[in-house]
Amino acid sequence: MQALIAQLLWCIPRRFPARAFYGGNPRTQQRITDALSTAFSSHSIVFWHDADGEFFFSVKNLLPEGIELLYLDDLPALSIKLKLERATPRTRFLLYSTKLAPDPAGDWLLDIRLRSRSFHADNAS
């Protein structure tokens with residue numbers, strides 16, 4: 001059991017930078033929250049493709065109040081599409097992924113992506 005835990009802990013830093021575990025600079029976090037608020041002022045759906053996984057562990061803490069977080073990597077595209085289409089008009093969603101945005105030809109959420117906004121952030125900015 002200890003060998004399995006050690007192996008898992010060895011793999012985590014390779015997938016996610018160390019700063020993802022503590023969430024980065026508090027001023028950076030506030031700037032990201034403010035930028036997300038601005039994005040949600042004009043769109044009810046925002047896509048965030050965090051390919052480096054810098055904010056994987058802190059994304060919940062960065063959300064403005066009243067935003068529902070959906071992890072694109074954990075849910076099937078049809079499930080996400082149905083949830084978004086069935087939601088009340090005032091519901092706002094952040095669709096977060098640790099992968100790059102898919103190619104438009106193979107993107108099952110392209111129709112939603114075209115009427116939404118994309119968001120990008122990193123700890124360096």
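The model is predicted, so to speak of local features takes a pLDDT of at least 70 and side-chain atom pairs count only at pLDDT 80 or more, while totals for chains, interfaces and linings use all residues. Residues are numbered from 1 along each chain as its sequence is written, and side-chain values use heavy atoms, with hydrogens and water left out.

Let's begin at strand β1, residues 45-49 (helices, H or I of at least four residues, and strands, E of at least two, are DSSP runs numbered from the N terminus). Five of its five residues are buried, meaning under 20% relative accessible area, with exposed over 50% and partly exposed in between (1.4 Å probe, protein chains only). In a regular strand, side chains alternate between the two faces of the sheet. Here Ile 45, Phe 47 and His 49 sit on one side, with Val 46 and Trp 48 on the other.

Who are the neighbours? β1 pairs in the parallel sense with β3 (residues 92-97) over five bridges; pairing takes at least two DSSP bridges. Trp 48 stands opposite Tyr 96 there. β1 also runs parallel with β4 (residues 117-119), over three bridges, and Phe 47 faces Ser 118. Those two are 71 residues apart in sequence, yet 4.8 Å apart C-alpha to C-alpha.

Now for the largest nonpolar core, which has 16 residues, including Trp 48, Leu 94 and Tyr 96. Such a core joins buried Ala, Val, Leu, Ile, Met, Phe, Trp, Tyr and Cys residues through side-chain atoms within 4.5 Å. Its largest share, four residues, comes from α3.
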